[in-house]
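Student: Please take me through this structure slowly, and set each description against the rule that it rests on.

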Amino acid sequence: MSDPMPAPTTAAEVEACYRELIALHTATQDSWRARQSRILGGIGFVVLVIVALTVHSVHSAGSPWALLGAFVAIAALIPFSLRTQAQVTRQQRILGHYDRALSRLDGTAPEPETLPARPATHLYEHDLDLLGPDSLFTLLSTVRTGLGEHGLTQYLLRPAPHTDTVARQNAVRELLPQLETRERIALLGASSFQQITATYFEEWLDAPAPAFNRIFRPVLLITATLDLVLLLTGLTHLRPWGFVVPNLAIVLGIQAAVCAYLRAEVLPLLQGGARLQGNIRLLSEGLALLQASTPACPKLAYLKRQALEPAGAVRLLKQLDGQLTIVEQRTKEYFFIFSLLLAAGTQAAVSIAAWKRANAQAMRTWIAAWAEFEALNALATYAFEHPQNCWPELLPPEHPPLYEAKSLGHPLLAGAVPNDVALGAATSFYLISGSNMSGKSTLLRSIGINAVLAYAGAPVQARSMRLTPLALGASLALTDSLAEGKSRFKAEVARLAAIVAIAKEKPVLFLIDEIFSGTNSADRRTAAAAVLRALLNHHGIGALSTHDLALTELAMETNAGRNLHMASPDPADPLAFDYLLKPGVNTSSNALAIVRMMGLEA
């Protein structure tokens, strides 16, 4: 599944690569369309011949062989036409795939139609804009299915152990040049419509499958067979309708009684399975793609094994899809009478329950493998489209806590001003002073969001980066909550307590904006000192920002703290921020500039 072409090294090369592929697939589509036009022209010609021969046979006797030959010609041409149209549609979907890729490059890509649910409580998701509109998820989300969406979400919200993080990075590196693999993922399913969420699969698997008595399946099979035999007997006049109708009524009555008896258990299966139809086929195609891969790295090899265990995953999913197709089609007008006659819904439900009892646990494994494979491919797409980013060096947990980055930027901000960051034994924390709009909060988010990318296995927006395994904890975007009856200050206290608690378990990277801004300066300093001391005592590293210059006294040589500031380099224009970190405490004031910006006089 790998491509021979080397990965681009610049953004311009990425765009050129995509445009070259668009031109190639456009030419291929044009070729198939031309072939389709010729086939349709041939079908039209044969239809005219049939009409002419039919008219001729009305006025004079002729050989039937010519007319038969014409029908044979149409019968031969129609399959060619359908296959050709399928190729045209295939190329159209591939072109859509690369059109979306180009829109990502120029920043015009639309938001995904659905976004994953945001967790009610999380130590950094909302603070770092990981999910929701205009988030890291929307930047990375090139997944095909709801399962892949869930896999990518888990990668962003749950940092893995060090060994798995390294394995993820190696897998993303291997998948990076595999454009053909990403094409095949984009082509999964009959169309590119939005898929159901992963939670629906989980709910379906969690719902218990009833254990029907073994007698019911053969009874329903026998009654359905007798229904058909009796009808055919009557229609072919083998037996008179006087014999057929009463016997048919008896069989239908027995069948109806069985269906009514099972209805309470059958109905939830029918209602729950209807939405899965098509999506099971999509999963089956995805697993077939994964099974056909030839991975080199351990992570991808592990996912392939998961897709193969137990053997026959694709075949088993096709069996389930066949039953779900009956469930989905049974109420359609053209199938409704036959469905009733054959008790198709009840028979399908019994089969689905049996399948579920036998294969639910294996299906969870297949789903997890596919979700993670799609997540890795989404990160590989991001890596391919951002060749200017670097691969972080993932240091082992035995290494003292460290976060070092050169020219670190924010991946969601075009043209973000880069800064160097070095947190570790020499400098355990930054205390960044400065006014509003100077870039302090954005820098804290840049530190955190690039850590999330690194732990997911993706490249980061920096010239270089080294970091150890660190738990993340952020207090950057807390607000009042009227619904929960919780003030911003109370929410901040709860968040800081949670960060301190996790720091007691593992080294933490803490990012705190305007710590305890809801209290007076003296209390603020005392409380902030206590929180900082607790974090540092448990080997935490991180950064805090503040307007309150009294807090700058917290950065001392004894705790390896460092005072930095962000301010305008131009004393005459204190609002002309350059968004660069500078040593020392902020000494400039922009109060008069803010008053003038408001159109007021001081």
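Student: In which sense, left-handed or right-handed, does helix 7 pass helix 14?

Tutor: Helix 7 passes helix 14 in a left-handed crossing, a term for a near helix that is turned anticlockwise from the far one by less than a right angle, clockwise being right-handed. Keep in mind that this is a predicted model, in which local features need pLDDT of at least 70 and side-chain atom pairs count only at pLDDT 80 or more, while totals for chains, interfaces and linings use all residues. Residues are numbered from 1 along each chain as its sequence is written, and side-chain values use heavy atoms, with hydrogens and water left out.

Student: Why are helix 7 and helix 14 called oblique to each other?

Tutor: Helix 7 (residues 198-206) and helix 14 (residues 344-385) have axes 10 Å apart and pack at an angle of about 135°, where angles run from 0 to 180 degrees between N-to-C directions and axes are lines fitted to C-alpha atoms, for helices over the stretch in contact. Angles under 35 degrees count as roughly parallel, over 145 as roughly antiparallel, 65 to 115 as roughly perpendicular and the rest as oblique, so helix 7 and helix 14 are oblique.

Student: Which residues of helix 7 and helix 14 meet, and how are they classed?

Tutor: From helix 7 come F201, W204, L205 and D206, which meet I352, K356, A360, M363, R364 and I367 of helix 14, contact here being heavy atoms within 4.5 Å. By class, that contact has seven nonpolar, no polar and three charged residues (nonpolar: Ala, Val, Leu, Ile, Met, Phe, Trp, Tyr, Cys and Pro; charged: Asp, Glu, Lys and Arg; polar: the others, Gly among them).

Student: What makes the description of helix 4 against helix 7 a separate case, and at what angle do they pack?

Tutor: Helix 4 (residues 146-157) and helix 7 pack at about 100°, with their axes 7 Å apart, and they are therefore roughly perpendicular to each other. G146, L147 and H150 of helix 4 make this contact with A198, F201 and E202 of helix 7, and by class the residues divide into three nonpolar, two polar and one charged.

Student: Why are strand 1 and strand 3 said to stand at the edges of their sheet?

Tutor: Their sheet is open, with four strands in the order 1-5-2-3 and mixed pairing; strand 1 (393-394) and strand 3 (419-423) each have a single partner strand, so one side of each is left without a neighbour in the sheet. Strands pair if DSSP finds at least two bridges between them, and two bridges join strand 1 to strand 5 (residues 464-467), which run parallel. E393 stands opposite R466 in strand 5.

Student: What is the order of the six strands in the open sheet, and which of them are the edge strands?

Tutor: The order is 6-7-8-4-9-10, with mixed pairing, and the edge strands, strand 6 (471-475) and strand 10 (582-583), each pair on one side only. Strand 4 (residues 429-434) and strand 9 (residues 561-566) pair in the parallel sense over six bridges, I432 having L564 as its bridge partner in strand 9.
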